[in-house]
Amino acid sequence: MNYQETCEYLYHQMPMFERQGASGYKEGLSNTMALDEHFGHPHQQYGAIHVGGTNGKGSVSHTLAAFLQECGYRVGLYTSPHLVDFRERIRVNGEKIPEDYVVRFVEKEKGFFEPLHPSFFEVTTALAFKYFADKKIDIAVVEVGLGGRLDCTNIITPLVSVITNISFDHTQFLGDTLAKIASEKAGIIKKGVPVVIGESHEETRPVFEEKAKETESNIIFADDEPEILQATPLSSGKMHYATRHWGELEGELGGIYQEKNLNTVFAVLKVLSDKGYLSAHTTPDSQNQFKKELINALANISKMTGLTGRWQVVNSSPLTICDTGHNVGGWIYLSQQIAQVECDKRHIVFGMVDDKDIHQVMDLLPKDAAYYFTQAATKRAINANVVKTIAAQHGIYGECYTTVIEAYRAAQEAASMRDFIFIGGSSYLVGDFLKNCI
């Protein structure tokens, strides 16, 4: 098999939640444990940071990876889903896993894993952990796939566990209350391992506190004493931050939600510093070095790690931005920022997948924008005509387009240079956009 054939094999021969939804989700760790034993427990050969939560996992993971790279570490980064190429999921110091490594892994090992009938994510996780060991990394930043307690990344014992926030998503698997969802996410907290909670809530805080007490883990709530004092979006699409200890900083990643993510990152860096992974901050020289590393990492996250799709500016005239925010928690922030963009008219290319609360998201969308309803090339996408019908129930109107390309081209043709085009609603829709329109 060549690389493309190997990817098709992975996508279509194994249950894959991202394409199939609930039928592609496999609960439990038995296959993961079998794969891990087969490969000699590769995740035990390096340190790790485990990042869970509902929203912000990707941004927090990539920001941590960039900073650790800036500090001189050899860093593995495992995230999901990919937007354009499967290899985006598995990187070492920003470089995607080579195509030939993926091909060789599948050809050599499928005789072992096929009888297990593993999911796509189980095989991909085993591939990532083995690749990181082969590349002799120092530390891996590992993003949870779905949930936490039963996620196949949960075999690792990290240096620090991170839970960014809790909101309603994947309720068919994780529960229909914030407390139930938090309980599943809290499953990544390990005995004696410190845990950072990015955002707390009156329903979720007691869940995390109880779990941390049970595991004898030091728990840090990043929003109890936030490092970020003020966050201001810039016309360039970047963010300006005033911080408690590090002065004025500029972040390459736009999106007002990045303030919460960066607060979480700072709390994690404090834990890593206490563990001796970062330069001490007890002298002026070490503090200056730390700030220099911060400045460089925050300014170059995308270049250093390959991150895309987070309030990503793809054109300046007209201003065109895409974002992978895909649930109510994400759209609470996106709707605010879209409203803040100075422009003559807003054009929104929009679509969602079938396990999200589209009605609550619709309540957050601006009513005065021109809409271009479409669907991503995945079976989970809601048909554009259905999206249009639901939108009309919420006082939102637009036209339907069969593909993201057609919807985007229509928005381009209708928009003046002083208008604003936004593409989003689903990670898969943004992936189609980046693959076919940029």
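**Close-up 1. Cysteine 400 and the closest cysteine sulfur in the predicted model.** The closest cysteine sulfur to that of cysteine 400 belongs to cysteine 437. The two sulfur atoms lie 17 Å apart, which is too far for a bond, since a disulfide requires sulfur atoms within 2.5 Å. Cysteine 400 is partly exposed, with a relative accessibility of 24%.

**Close-up 2. Cysteine 7, a buried cysteine in no disulfide.** With the same cut-off of 2.5 Å between sulfur atoms, the count of disulfides in the model is 0. Cysteine 7 accordingly takes part in none, and the nearest cysteine sulfur, in cysteine 152, is 18 Å away. The relative accessible area of cysteine 7 is 2%, so this residue counts as buried.

**Close-up 3. The buried side of helix α9, residues 205-215.** Phe208, Ala212 and Thr215 are buried in this helix. Around the helix axis they cover an arc of only 70°, and therefore lie on the same side of α9. An α-helix has 3.6 residues a turn, so residues three or four places apart point the same way. The cover over the buried residues of α9 includes the helix α8 (178-185) and the strands β6 (160-163), β7 (195-197) and β8 (219-221).

**Close-up 4. The other side of α9 and the residue that follows the helix.** Glutamate 216 comes after the helix and has a positive phi, near 55°.

Conventions:
Residues are numbered from 1 along each chain as its sequence is written. This is a predicted model: local features need pLDDT of at least 70, side-chain atom pairs count only at pLDDT 80 or more; totals for chains, interfaces and linings use all residues. Side-chain values use heavy atoms; hydrogens and water are left out. Buried means under 20% relative accessible area, exposed over 50%, partly exposed in between (1.4 Å probe, protein chains only). Helices (H or I, at least four residues) and strands (E, at least two) are DSSP runs, numbered from the N terminus. The arc is that of the directions from the helix axis to the C-beta atoms. Contact means heavy atoms within 4.5 Å.
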